[in-house]
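Welcome! Let's take a walk through this structure together, one feature at a time.

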Amino acid sequence: MHFNWTKVAVLYQIATAYTAAANDLVSDFKSKNISDVYAEGVLDQFAVVVGNMKAKDMRIIYAIGQAPVIIHVLCEAYKQKLYGPKYVWILVGWYPNNWWEIEMQPSTKCTPDQIYQVIQNYFYVYRSYPQTSNVTTISGR
């Protein structure tokens with residue numbers, strides 16, 4: 001455990017692909033001895049899901065789903081103050097540049113600036129493909 005993470009939340013849009021990805025992620029965490037994993041699917045009960053995560057004091061948060069759904073989660077995270085230097089948000093990497101502005105829905109009760117305040121130091125992950133060559137890369141591996 002390079003970062004000594006012991007508590008991780010996985011929030012996912014309830015849909016077949018995202019649920020499967022979340023289940024795989026939870027299994028991977030548990031195999032790495034990260035035993036305090038909170039996973040919850042979200043459709044539209046954003047305040048409840050974020051409130052549950054806050055009550056469990058989760059600060060490392062993976063969010064998996066389409067941008068419009070994740071924007072609602074992030075808006076609720078803003079309202080419940082789950083952002084700042086004590087929180088790490090990790091999102092999927094297929095969103096376009098400035099996605100929090102482009103994907104904003106009229107029903108979202110936050111501004112793009114408020115969403116950005118939550119994610120301003122977020123990480124994103126994208127699929128990776130295993131390297132099969134023996135060539136040493138810039139990382140030294």
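We can begin with Cys-110, which is buried, with a relative accessible area of 7%. Buried here means under 20% relative accessible area, with exposed over 50% and partly exposed in between (1.4 Å probe, protein chains only). Cys-75 is buried too, at 4%.

Before going on, please note that this is a predicted model, in which local features need pLDDT of at least 70 and side-chain atom pairs count only at pLDDT 80 or more, while totals for chains, interfaces and linings use all residues. Residues are numbered from 1 along each chain as its sequence is written, and side-chain values use heavy atoms, leaving out hydrogens and water.

Cys-75 and Cys-110 form a disulfide, with their sulfur atoms 2.0 Å apart; the term covers a pair of cysteine sulfur atoms within 2.5 Å. The pair links distant parts of the chain, 35 residues apart: Cys-75 sits in helix H3 (residues 67–79), and Cys-110 in the loop between helix H4 (99–102) and helix H5 (112–119). Helices (H or I, at least four residues) and strands (E, at least two) are DSSP runs, numbered from the N terminus.

Now turn to the open sheet: its 5 strands follow the order S2-S1-S3-S4-S5, with parallel pairing. Two strands pair if DSSP finds at least two bridges between them. Strand S2 (36–42) and strand S5 (123–125) stand at the edges, each with a single partner strand, so one side of each is left without a neighbour in the sheet. Strand S1 (residues 7–13) runs parallel to S2, joined by 7 bridges; in S2, Glu-40 is the bridge partner of Leu-11.
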